[in-house]
Amino acid sequence: MTKALFLDRDGIINIDHGYVSKIELFDFMPGIFEICFAAQQKGYLLIVVTNQSGIGRGKYTEEDFHHLTDWMKARFAEHDVTIDDVMYCPHHPTSANPPYLKDCLCRKPGPGMILDAASRHDINLSESIFLGDKRSDMEAAIAGNVPTRLFLSGHYPDDGSVDAHRIESLADVSKYLID
């Protein structure tokens, strides 16, 4: 078994401009390449876990998402970083078009994407880390039994009620990475 650094996409990998689906709107967060490189060097798989209800809402297609994802992974590769997998949920329980209109376990705060990745990649969740910027990210990590949860503060409301380590910048992630 191996450990993983689970990463939310919008707000962690890229600046969250809302429904980012085009290369020209994708701005990488400062420090993301460095922290992913450091995690990879310490033996973490890098797994992106992202809600993409923009697909279900008809704002962009799954093909658009895959095109942008391939481009994003190529930018990471230019920094000697391998994104091992990208898990995404196109569903929404109330605001989507069929067949995406459904309540599912893969949509965060459900743990479905985490559990699927753990099964697919033989990940030891007890040694893994989840890095996110929303309450739903932390709730998914709790439900998925990921003990180290890093909440990047400042982007979304946080009343402090979710059990997670609050960090101010991506540079703060490095102190949680273990060999």
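What covers the buried residues of helix 5? In this predicted model, the cover includes helix 4 (112-121), strand 4 (129-132) and strand 5 (148-152). The buried residues of helix 5 are Ser136, Asp137, Met138, Ala140 and Ala141. Asn145 follows helix 5. The phi angle of Asn145 is positive, near 60°.

Helix 5, residues 135-143, also contributes to the largest pocket, with at least two residues in the lining. Strand 2 (44-51) and helix 2 (53-56) each supply at least two lining residues as well. The volume of the largest pocket is about 310 Å³. Its lining comprises 19 residues, and those closest to the pocket centre are Asp10, Asn51, Ser53, Arg107 and Lys134. Sorted by class, the lining holds 8 charged, 7 polar and 4 nonpolar residues.

The Arg75 side chain forms a polar contact with the side chain of Glu78, at 2.7 Å. Arg75 also touches two residues beyond its sequence neighbours, leaving aside those up to four places away: Phe28 and Phe33.

Conventions. Residues are numbered from 1 along each chain as its sequence is written. This is a predicted model: local features need pLDDT of at least 70, side-chain atom pairs count only at pLDDT 80 or more; totals for chains, interfaces and linings use all residues. Side-chain values use heavy atoms; hydrogens and water are left out. On a 1 Å grid over the protein atoms alone, a cavity is a set of points where a 1.4 Å probe fits but cannot get out, and a pocket is an open set with protein on both sides within 12 Å along at least five of seven lines; lining residues have an atom within 4 Å of a point. Grid points are joined across faces, edges and corners, and a volume is the space filled by probe spheres set on the points. Helices (H or I, at least four residues) and strands (E, at least two) are DSSP runs, numbered from the N terminus. Ala, Val, Leu, Ile, Met, Phe, Trp, Tyr, Cys and Pro count as nonpolar, Asp, Glu, Lys and Arg as charged, and the others, Gly among them, as polar. A polar contact is a pair of N or O atoms within 3.5 Å; within protein, one must be able to donate a hydrogen and the other to accept it, and residues adjacent in sequence count only if both atoms are side-chain atoms. Contact means heavy atoms within 4.5 Å. Buried means under 20% relative accessible area, exposed over 50%, partly exposed in between (1.4 Å probe, protein chains only).
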